[in-house]
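Subject: Handover of a structure and findings

Dear colleague,

Please find below the structure that I am passing to you. My findings follow it, and I would be grateful if you would read them with the structure open.

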Amino acid sequence: MRYLDPESLGKIKNLRFVPVRGLAEGAYSGMHRSAYKGSSQEFMEHREYVPGDEIKYIDWKVYARKERFFVRLYREEKNLRSYFLLDASGSMAYKSPRAARPAKFEYACRLAMGMAYLILRQTDAVGLGVFSDAPKLFLAPDNQMAQLERLDQALAGVVPQGKTDMEGGLAYYAQLLHRRSLAVVFSDLMGPAEKIQSVIRALKAHKHEVLVFHVLDPVERDFDFEGPVLFDPLEGGEALRCDAHLLKEAYRREFAELIKYYTASFHASEIGYATVYTDQPWESALKKALGKQ
Amino acid sequence: MTPVSFLSPAFLWAAPLALAPFLIHLLFLSRARKLPFSDLTFLREVYRRVMPRSRLMQWLTLLVRCLLLLFLILGFSRPVLHWAQAPSKGAAADEGGVDVVILLDASYSMGYVYQGKAKFLWAQRSALEILKQLGDGDRSLVMTFSDRLESASGDFTSRREDLKAFVEKAAVNLRPTDLAPALEAAYSALSKSRASNKAIAVLSDNAAHAFRNLPEGKLGEALAAFDPKVKLAGLAWEDSPKNVYVGEVRLAAADGGGAKNTLLAELRTSGAVEPYAEIKWWLNGRLLARERAPIKAAARNEASYRLPEAPGGAGTGDRPGGERGRLLAGKVELQKDALKLDDARYFAYKLQSAPRVLCAGNNFFLKRAFGTDTLALFQADFVDPRRLDEVDLKRYEALLLSGWRDMSAETAARIKNFVHQGGGLWLYFLPGDVREKDMRLWEDVLPGILSAIPRRSKLSGLVLAEQMPGGLRGRLAWDGFELQNVEVRQFYHLEPVEGTAVWLKSQDEALLASRPYGAGKVILWTSALDPSWTNLPMKPVFTAWLLGGLSHLSNFNPEEKSESIFYGEAFIRPWAPGARSPKRAEVESPSGKRYAVVPEGGQIQFFQTDELGLYRLRVDDETSAFAVNLNPAGGESRLERQDPLPWPSLRLHMLAEDWKAFLYGRPLRNACVGLVLFLFLAEMALTYKKS
């Protein structure tokens with residue numbers, strides 16, 4: 001596979017992904033709690049017997065005390081549907097010109113594949129949505145390990161380009177997602193911060209569990225440029241000529257403020273948020289992010 | 001005149017460099033690197049918010065950098081703020097202009113070569129430059145000075161051309177420097193001036209000898225005492241002068257006694273000189289020798305040259321004085337150094353020829369004495385007293401006579417005539433020699449009345465009598481010998497007559513006495529030169545005794561007379577009282593000029609000693625010479641710099657600028673340096689980054 005190799009698998013094989021704080025609502029029985037009553041080991045409540053109920057569910061101990069029939073009801077356990085929503089805009093193709101680091105999109109793909117492996121291993125389903133200024137690709141969730149191969153092939157065919165339109169992309173996928181799913185967003189969150197934040201919060205409003213991986217290149221944090229530079233945006237548009245030296249200090253300060261803003265606002269919305277930089281191994285970044293969960 | 005001028009205006013060509021930070025900034029902006037970036041939404045936001053302030057700071061930094069460079073360049077170009085300006089054309093100095101006294105040192109130390117030219121030429125050029133820098137209404141007074149002063153106009157004038165002509169015409173003379181009278185004259189002239197700006201430019205070599213008549217250690221105070229408003233400036237010389245020169249040249253005996261046959265030259269130094277100097281010995285126009293003499297700085301150095309044997313040798317030379325004297329005239333010359341004038345020293349010595357003495361009588365002790373070095377100066381001939389008639393006495397200066405017995409009256413008359421005409425006669429006795437009739441023959445010559453028969457009485461020790469001529473006493477120093485060991489066993493008692501001077505006596509007995517006779521002199525030794533009468537001939541004092549007596553009789557002075565005067569002094573040659581006045585005299589200078597001199601007042605006087613070297617003097621048919629040298633009394637050859645100087649220095653290569661700054665302005669260089677420092681700190685503050 002392009003984005004997942006055996007060596008990386010070896011590093012993450014001991015990880016376990018338990019992201020769900022709410023209730024799962026998958027099509028299959030699974031390891032996650034659901035809102036439905038069904039067959040499982042977890043007792044839910046007693047209900048007075050009505051004709052048609054199976055006799056094996058009658059609680060004879062209660063009958064001995066009350067001389068009326070009550071049946072035992074159990075909480076049904078469902079599997080989890082996960083949707084990986086990848087930003088494939090032009091800005092995700094950025095990588096530092098001076099260091100041998102992967103582009104942000106590649107890094108995000110590796111993260112997604114690693115996470116998909118962990119989820120599929122516990123028989124949960126994984127789906128995929130890729131977007132830039134419009135939805136580009138959708139792969140329905142499946143809990144078979146073969147899904148991993150399909151994910152890899154799908155991602156290998158994606159070239160990051162175009163403008164970022166989080167609102168359009170995520171809104172579209174919000175319609176497709178089943179209720180109470182897990183939405184994992186991989187994006188550099190480039191664009192107006194309030195708008196992006198509101199779009200992601202909208203996903204949460206659909207009762208999905210939302211996890212955001214903010215994928216960044218270290219240069220975007222450090223702004224390590226000197227002298228006059230003509231910045232050419234990867235998403236197209238007018239270039240910006242400026243003296244990087246003059247901007248550096250302010251940029252760093254503002255960038256730190258932006259990260260703080262995302263962290264605080266996602267935390268307030270109970271949205272999982274992790275900032276990952278492409279200069280750190282993705283396995284470590286994943287481990288750290290799951291540890292937070 | 002603009003309120004600010006620049007002493008080094010060439011640096012102003014670098015002024016456009018001050019724009020370098022701005023140009024570099026523009027150049028870098030236009031050559032911005034094109035770099036891809038993920039998204040500019042955030043960057044644009046930051047840019048929009050931050051850039052106005054950053055750009056302001058950037059332009060401010062650029063401005064500070066440009067100003068820093070500008071003031072740095074201005075600092076190098078040495079700006080001067082003019083607080084006292086030269087009056088405009090036609091304005092009189094009395095209305096507030098400038099009066100300047102230029103003192104141009106023309107002493108011979110200014111002949112020192114500095115950077116390929118004599119210092120005097122540098123000073124001359126500086127004087128012309130100062131005159132050029134003065135405004136049309138400014139006045140100046142130019143004076144050349146050594147130990148004498150000479151001025152162009154006598155008072156301040158604004159006629160620049162006259163002053164220039166005077167300066168161009170000035171030349172180095174051979175006189176020593178004395179700054180005191182020159183400064184006094186300058187201050188005196190300025191005291192009458194009503195100009196608001198008064199200055200004195202001392203264009204000298206700043207050698208310490210020029211300051212010798214100014215109060216040592218309080219020069220500044222002394223100068224301020226004249227007039228503190230008058231500004232003084234001198235020239236700056238960037239060298240350490242060194243000089244080797246010839247001091248005194250004298251004639252000496254090589255072995256400390258006897259004939260003086262060696263020339264000794266004192267070699268003096270100033271500054272850090274080379275360890276060797278080439279020295280040349282010239283005599284009568286011929287180069288006798290050339291040698292390398294070792295030289296030690298700040299020590300007494302002496303070089304010597306032994307003259308060739310006379311006669312026939314070069315030491316004898318020609319004989320302008322005939323038989324009576326010979327001349328040693330020449331020069332001691334050092335290799336030429338930066339100050340050439342004092343590298344040669346001329347000398348002229350008139351040597352007396354050896355007096356001829358006739359000894360009548362065969363005395364062993366006399367013969368032995370004349371064989372010694374002390375009496376080698378005399379040519380002694382011995383003759384039998386009976387053959388005195390055959391001798392031409394005029395060939396001799398003195399006669400030692402002991403054979404009195406049976407001398408004919410004619411012979412005695414010849415001898416008396418010889419003495420009367422200026423000869424010397426020394427009488428002594430032979431044992432048992434004199435009879436009464438012989439005594440009578442010499443009565444009028446003898447310095448007293450002698451007893452008829454010799455006395456046999458032992459006299460121990462000789463005493464110098466007070467009547468002995470003082471000059472002779474000092475010169476011969478008989479008392480340096482052990483006169484108390486001399487014994488006289490037989491002698492004739494002498495009753496001195498009037499006019500007799502007793503030289504030696506013992507126990508109140510006059511033993512040696514002298515008296516004049518005509519133009520000559522007579523000495524009488526009342527004993528004999530025989531061991532049976534006295535042990536004097538066997539004592540060391542005997543030769544000195546003889547030398548003294550013979551020198552007295554023959555008017556012989558063993559000290560050679562140096563015929564040397566200093567530059568500017570008059571040469572005076574008197575002739576002996578009673579001697580015949582010369583009819584004519586002529587002096588020939590070293591350059592060949594001939595001057596007729598009129599002998600009068602008993603002497604020959606010659607005043608045109610304005611050249612260094614040997615002058616020939618012809619008096620009638622007799623030729624002699626005298627030397628004219630530089631006067632070392634002023635210390636002119638000592639070139640040590642006066643330290644500290646009581647005035648600011650003007651640099652030779654920047655004289656015009658320095659003069660302008662000195663006379664008119666207040667230098668702004670320090671202000672520029674201060675501004676540069678301030679701007680440097682400001683730039684650091686503007687570009688300081690908080691970590």
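With which residue does B:R49 form a salt bridge, and how far apart are the closest N and O atoms? The partner is A:E254, and the closest N and O atoms are 2.7 Å apart. Please bear in mind that this is a predicted model. The count of salt bridges between chain A and chain B is 1.

The interface between the chains

Polar contacts were also examined: across the interface of chain A and chain B, 11 residue pairs are in polar contact, both residues being at pLDDT 80 or more. On the side of chain A that touches chain B, the elements giving two or more residues are α7 (218–222), β9 (228–233), β10 (240–243) and α8 (244–268) of chain A. Of these, α8(A) provides the largest share, with 8 residues. By residue class, this side of chain A divides into 20 nonpolar, 3 polar and 9 charged residues.

In terms of contacts, 32 residues of chain A meet 24 residues of chain B. The size of an interface is often expressed as the accessible area lost when the parts come together. Between chain A and chain B, the buried area is about 2,900 Å², and carbon and sulfur atoms give 70% of it. Three residues, A:P228, A:L240 and A:L246, supply 20% of the area that chain A buries against chain B, more than any other three residues.

The two chains are also joined by strand pairing. β9(A) runs parallel to strand β2 (residues 33–37) of chain B, and 5 bridges join them. Within this pairing, A:F231 stands opposite B:L35 in β2(B).

A buried strand in chain B

I would also draw your attention to strand β29 (residues 520–528) of chain B. Because 8 of its 9 residues are buried, β29(B) is largely enclosed by the rest of the structure.

Two strands of chain B that pair with β29(B) may be described in turn. Strand β21 (residues 424–429) runs parallel to β29(B), with 5 bridges between them; here B:F429 has B:A528 as its bridge partner. Strand β28 (residues 509–517) pairs with β29(B) in the antiparallel sense over 6 bridges, and B:P516 stands opposite B:K521. β28(B) and β29(B) form a hairpin with 2 residues between the strands, in which B:G518 takes a positive phi near 60 degrees.

Yours sincerely

Key: Residues numbered from 1 in each chain as written. Chains lettered and ligands numbered in written order. Predicted model: local features only at pLDDT ≥ 70, side-chain atom pairs only at ≥ 80, totals over all residues. Heavy atoms only, no water. Contact = heavy atoms within 4.5 Å. Buried area = accessible area lost by both parts, 1.4 Å probe. Salt bridge = Lys/Arg side-chain N within 4 Å of Asp/Glu carboxyl O. Polar contact = N/O pair within 3.5 Å; in protein donor to acceptor, adjacent residues only side chain to side chain. Helix = DSSP H or I, 4+ residues; strand = E, 2+ residues; numbered from the N terminus. Nonpolar A, V, L, I, M, F, W, Y, C, P; charged D, E, K, R; others polar. Pairing = 2+ DSSP bridges. Buried < 20%, exposed > 50% of the residue type's maximum accessible area, 1.4 Å probe, protein only.
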